[in-house]
Amino acid sequence: MPAETRSKKLLLLMPTTTYRADPFLAAAQRMGIEVVVGSDFCHMLAEAWDVPLSLRLRYVSQAVEEIVAYARDHTLDAIVPVDDYTTEIAARACETLDLPHNTPEAAVAARNKYRMREMLSGAGEWNPYFARFDLSIPVEEIALEQPYPCVLKPVLLSGSRGVIRADSPSGFIEAFRRISHILDSATDRPPSLDPDARRIMVESYIPGAEIALEGLLTGGLLRVLALFDKPDPLEGPYFEESIYVTPSRLHGKTQQVVAEAVQRASTAVGLSEGPVHAELRIHHGEARIIEIAGRSIGGLCSRVLEFGLGLSLEELILRHALGQDTSGTGLDATDFGRGTGETKAAGETMAAGETMAAGVMMLPVPESGQFLRYDGVEAAKKVPGVEDVVITAKEGDLLTPLPEGASYPGFIFARGDQSGQVEQVLRRAHGLLELRVHRVLGN
């Protein structure tokens with residue numbers, strides 16, 4: 001069949017633990033794209049669950065060989081990783097198949113916190129003090145040498161898992177041992193042969209308000225899709241994220257500083273194609289990079305975004321991967337000055353001059369136990385401005401607070417005329433929810 005008449009075929013790489021399968025699959029269906037799912041199911045289960053490509057995600061080189069072998073008989077137009085764990089595999093497979101991609105080195109740096117700091121430093125970008133330690137090191141010997149306050153974090157774990165602030169040598173020792181236990185007991189993700197999977201990074205604490213940027217890179221140039229404020233203070237000792245609201249209430253000039261910092265960081269790390277998600281702190285008008293990832297925002301948070309003619313974030317990412325037109329989406333230079341853009345709440349169309357704010361709250365886990373239910377869900381859904389309350393935890397799931405916890409039990413979505421209004425709607429709805437758990441002996 002001639003290339004111009006056949007339908008596009010795209011490989012989605014996703015571990016079995018991902019939240020993000022449904023949004024990407026729904027986006028592909030809306031676009032009429034033929035999708036192949038590559039996941040870490042065993043081959044027999046893959047047949048039963050209709051997963052056409054079972055991959056050994058633990059072994060990067062073997063997963064790449066399996067993808068390339070599949071592509072010999074099935075033409076692929078793009079490969080899209082949906083989580084951190086699959087970005088390197090996607091980059092290496094795309095390199096072999098001559099598809100648009102980030103370099104493997106950039107993919108590694110964007111999920112390896114220590115390598116990211118090295119590359120930022122090598123490019124002359126600002127960095128805090130940072131160092132990396134093996135779990136076997138005598139922690140008492142290094143605790144006295146660290147700057148305080150400082151933050152300890154696993155080099156490879158994502159989100160806020162295992163991230164702990166220490167204000168003294170004794171706090172450092174306690175945090176180091178706690179993170180060591182987390183790394184020893186982590187069983188909910190594909191195991192890694194990378195030695196950094198069992199290393200801890202330390203960096204000096206970066207003060208200031210935290211913000212997140214969602215963007216799309218084309219040929220190395222950043223297009224900002226959304227800026228999220230995080231109105232809750234994230235000062236430690238743990239860093240549980242809760243509320244994201246957009247558009248940002250930061251001054252337009254500060255938003256421009258944020259965008260420029262992410263552009264420079266993307267270039268320094270080597271990211272050039274596809275989605276980018278960055279976490280930053282704003283201190284005295286300067287933007288400091290916390291982390292930068294070569295994938296889109298995690299969890300179900302992308303539901304608050306919609307672009308152009310009703311495109312979801314996932315549709316935008318897939319269009320970009322396939323080389324389709326994505327112009328007319330995102331923020332341009334003038335948008336920073338007036339705090340608007342084409343970002344809006346899902347399902348809404350902005351009239352001329354209108355700013356539609358949207359937000360999401362990731363439901364916190366205040367205590368360990370087996371999930372029973374949330375009381376008050378229907379009442380929370382009726383709060384004016386609430387779009388939906390989605391409970392992702394299933395009865396019997398074990399909930400664990402940060403820093404050990406790896407997931408959220410649910411999400412609240414809201415919209416309104418202003419970001420401050422959306423924030424209050426989310427807080428009001430959350431106040432009506434009551435988490436019920438069965439306490440497990442020993443927790």
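User: What do the buried residues of α1 pack against?
Analyst: The buried residues of α1 pack against β1, β2 (34-39), β4 and α10. This is a predicted model, in which local features need pLDDT of at least 70 and side-chain atom pairs count only at pLDDT 80 or more, while totals for chains, interfaces and linings use all residues. Residues are numbered from 1 along each chain as its sequence is written, and side-chain values use heavy atoms, with hydrogens and water left out.

User: Which residues of α1 are buried?
Analyst: Ala21, Pro23, Phe24, Ala27 and Ala28 are buried in α1. Buried means under 20% relative accessible area, exposed means over 50%, and partly exposed is in between (1.4 Å probe, protein chains only). Helices (H or I, at least four residues) and strands (E, at least two) are DSSP runs, numbered from the N terminus. Just after α1, glycine 32 takes a positive phi of about 70°.

User: How many helices and strands does the chain have?
Analyst: The chain has 13 helices and 19 strands. Of its 443 residues, 54% are buried.

User: Back to β1. Why is β1 largely enclosed?
Analyst: Five of the five residues of β1 are buried, so β1 is largely enclosed by the rest of the structure. Lys9, Leu11 and Leu13 are buried on one side, and Leu10 and Leu12 on the other, which covers both faces. In a regular strand the side chains alternate between the two faces of the sheet.

User: What is the order of the strands in the open sheet?
Analyst: The order is β3-β2-β1-β4, four strands with parallel pairing. Two strands pair if DSSP finds at least two bridges between them. β3 (53-54) and β4 stand at the edges with a single partner strand each, so one side of each has no neighbour in the sheet.

User: How many bridges join β1 to β2?
Analyst: Five bridges join β1 to β2, and leucine 13 stands opposite glycine 38 in β2. From β1 the chain goes through α1 to β2, a right-handed β-α-β crossover. Right-handed means that, with the strands pointing away from the viewer, the path from the first strand over the helix to the second runs clockwise. β1 also pairs with β4 in the parallel sense, over four bridges. Leucine 12 has valine 80 in β4 as its bridge partner.

User: Which strands does α1 lie across?
Analyst: α1 lies across β1, β2 and β4, running at about 160° to β2. Axes are lines fitted to C-alpha atoms, for helices over the stretch in contact, and angles run from 0 to 180 degrees between N-to-C directions. Contact means heavy atoms within 4.5 Å.

User: New topic. Which residues touch the most other members of the largest nonpolar core?
Analyst: Leu10, Leu12, Val80, Phe228 and Leu318 touch the most other members, out of 38 residues in that core. α10 gives the largest share, five residues. A nonpolar core is a set of buried Ala, Val, Leu, Ile, Met, Phe, Trp, Tyr and Cys residues joined through side-chain atoms within 4.5 Å.

User: What does phenylalanine 228 touch?
Analyst: Leaving out residues up to four places away in sequence, phenylalanine 228 touches Ile211, Ala212, Glu214, Tyr244, Val245, Thr246, Ile297, Val304 and Leu305. There is also a second, separate core of 27 residues, including Ala110 and Val258.

User: At what angle do α6 and α9 pack?
Analyst: Helix α6 (residues 113-122) and helix α9 (residues 252-269) pack at about 105°, and their axes are 8 Å apart. The two are therefore roughly perpendicular to each other. Angles under 35 degrees count as roughly parallel, over 145 as roughly antiparallel, 65 to 115 as roughly perpendicular and the rest as oblique.

User: Which residues in α6 and α9 meet?
Analyst: Met116, Met119 and Leu120 in α6 meet Ala265, Ala268 and Val269 in α9.

User: And where is isoleucine 289?
Analyst: Isoleucine 289 is in strand β13 (residues 286-293). Its relative accessibility is 8%, so isoleucine 289 counts as buried. Not counting residues up to four places away in sequence, isoleucine 289 touches several residues, including Met116, Leu120 and Ala265.

User: Last one. Where is leucine 271?
Analyst: Leucine 271 is in the loop between α9 and β12 (274-283). At 4% relative accessibility, leucine 271 counts as buried. Leucine 271 and leucine 217 are 54 residues apart in sequence, and their C-alpha atoms are 7.7 Å apart.
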